[in-house]
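Biologist: I have a model open and would like to learn how to read it. Could we go through it feature by feature?

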Amino acid sequence: MAEINRTKNIITICVIMLVLALIIWPFVYIFISSFKPLKEIMSRASFLPVDPTLKNYQTLLFARTPVRDFPRFLFNSLYVSVFTALFTLIISSISGYGIARNRRLRAGLISKFLLFIYVFPTVVLLVPIYKLFTTMNLYDNLFGLIIIYTALVSPFCTWLLVSFFENIPRELEESAGIDGAGTFTTFTRIVIPLASPGLVTAGAYAFITAWGEYMFALILITSNLKKTGPLGLATFTAEQYIEWGPLLSGSILIMIPVFILFMPVSGYFIKGFTAGAVKE
């Protein structure tokens with residue numbers, strides 16, 4: 001029996017390693033190729049760069065034109081992502097706490113509707129949102145992107161935070177009330193700190209979603225200097241020619257913030273998605 005279990009564990013580990021290798025391989029290939037001259041990229045003669053160079057990154061960061069300014073594109077992405085995460089946390093924490101403390105809301109249509117919005121195909125919203133934003137003078141405006149990204153991620157983040165708020169004992173809030181703390185004080189000084197792992201998870205999810213979003217940015221942003229990082233990468237491709245060097249190095253620069261942000265909070269992510277799965 002022990003031998004069978006050992007064989008199963010080995011097979012499981014091998015399958016996991018194979019899947020991880022398949023997932024990680026494209027990122028490794030892009031990272032290594034970003035240090036190759038164009039000639040080596042196109043020839044595909046070797047996996048490792050024979051004549052490694054930083055020229056692709058130098059071209060990406062310092063060769064600025066009125067049409068192409070990649071550092072500006074990254075700043076636009078950072079601006080949109082930070083404010084999306086901030087607004088999402090404000091909305092989701094308030095709504096999530098309200099649902100967690102109200103059984104009717106928790107068991108009613110509102111809770112289910114949040115998940116429905118999360119799985120709703122957002123592509124069907126492109127035309128209505130385009131016309132609405134044009135009417136409201138939010139077209140070609142980064143604040144318009146912040147609004148739509150916040151609207152897209154808030155339902156899921158609210159649903160995510162409900163589990164964290166439900167695990168906070170009501171007795172703590174009742175004790176604070178006896179000591180004279182009001183609802184706002186109890187929420188900001190007791191509930192929010194205790195739900196910080198959930199807030200970190202929701203904020204990171206909102207940031208990463210806004211950072212890499214392409215479809216709505218393509219439809220709603222037209223000015224060159226207002227483009228976000230993913231839109232900026234698309235400027236390196238054309239029907240007749242693709243600038244592979246800057247394109248690969250730009251892909252790495254866009255992935256770095258996601259990697260830096262996700263790794264420290266990956267534990268909170270797992271905890272956030274599993275919170276509420278086991279009820280005491």
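Modeller: Start with aromatic pairs. Rings of Phe, Tyr and Trp pair if their centres lie within 6.5 Å; planes under 30 degrees apart count as stacked, over 60 as edge-to-face and the rest as tilted. Keep in mind that this is a predicted model.

Biologist: How many aromatic pairs does the count come to by this rule?

Modeller: The rule gives 16 aromatic pairs. Take W25 and Y29: their ring centres are 6.1 Å apart and the planes meet at 40°, so this pair is tilted. Both residues belong to helix 1 (residues 2–33), where they sit four residues apart, about one turn of the helix. Together with F47, W25 and Y29 make up one aromatic cluster.

Biologist: What does the secondary structure of the protein chain come to?

Modeller: It consists of 14 helices and zero strands. As for extent, the C-alpha atoms fill a box of roughly 70 × 70 × 35 Å along the principal axes. The chain has 280 residues, of which 36% count as buried. Among contacts between residues at least 6 apart in sequence, 73% join residues at least 24 apart.

Biologist: Which element has the lowest mean pLDDT, and which the highest?

Modeller: Read pLDDT as the predictor's confidence in each residue, from 0 to 100. The lowest mean among the elements belongs to helix 5 (residues 103–107), at 70, and the highest to helix 4 (residues 70–100), at 93. The protein chain averages 85, and 94% of its residues score at least 70.

Biologist: Which residues does S93 touch, leaving out those up to four places away in sequence?

Modeller: They are T88, L161, F165, F187, I192 and L199. S93 is found in helix 4. Its relative accessible area is 7%, so S93 is buried. The side chain of S93 also reaches the backbone oxygen of L89, at 2.6 Å.

Biologist: Which domains does the domain assignment give?

Modeller: The assignment gives domain 1 (1–52) and domain 2 (66–276). Eight residues from domain 1 and eight residues from domain 2 take part in the contact. The centres of the two domains, taken over C-alpha atoms, are 31 Å apart.

Biologist: What area is buried between domain 1 and domain 2?

Modeller: Buried area is what two parts lose in accessible area on being put together, summed over both. Here the value is about 650 Å², and carbon and sulfur atoms give 88% of that area.

Biologist: Let us finish with backbone angles. Where is N137 placed?

Modeller: N137 is in the loop between helix 7 (126–135) and helix 8 (142–166). Its phi is near 60°, a positive value in a residue other than glycine. D140 is placed in the loop between helix 7 and helix 8. The phi of D140 is near 55°, likewise positive in a residue other than glycine.

Biologist: Are N137 and D140 buried or exposed?

Modeller: N137 has a relative accessible area of 64%, so it is exposed. D140, at 14%, is buried.

Notes: Residues are numbered from 1 along each chain as its sequence is written. This is a predicted model: local features need pLDDT of at least 70, side-chain atom pairs count only at pLDDT 80 or more; totals for chains, interfaces and linings use all residues. Side-chain values use heavy atoms; hydrogens and water are left out. Helices (H or I, at least four residues) and strands (E, at least two) are DSSP runs, numbered from the N terminus. Buried means under 20% relative accessible area, exposed over 50%, partly exposed in between (1.4 Å probe, protein chains only). A polar contact is a pair of N or O atoms within 3.5 Å; within protein, one must be able to donate a hydrogen and the other to accept it, and residues adjacent in sequence count only if both atoms are side-chain atoms. Contact means heavy atoms within 4.5 Å. Rings of Phe, Tyr and Trp (its six-membered ring) pair if their centres lie within 6.5 Å; planes under 30 degrees apart count as stacked, over 60 as edge-to-face and the rest as tilted. Domain bounds come from an automatic or database domain assignment. Buried area is the accessible area (1.4 Å probe) that two parts lose on being put together, summed over both.
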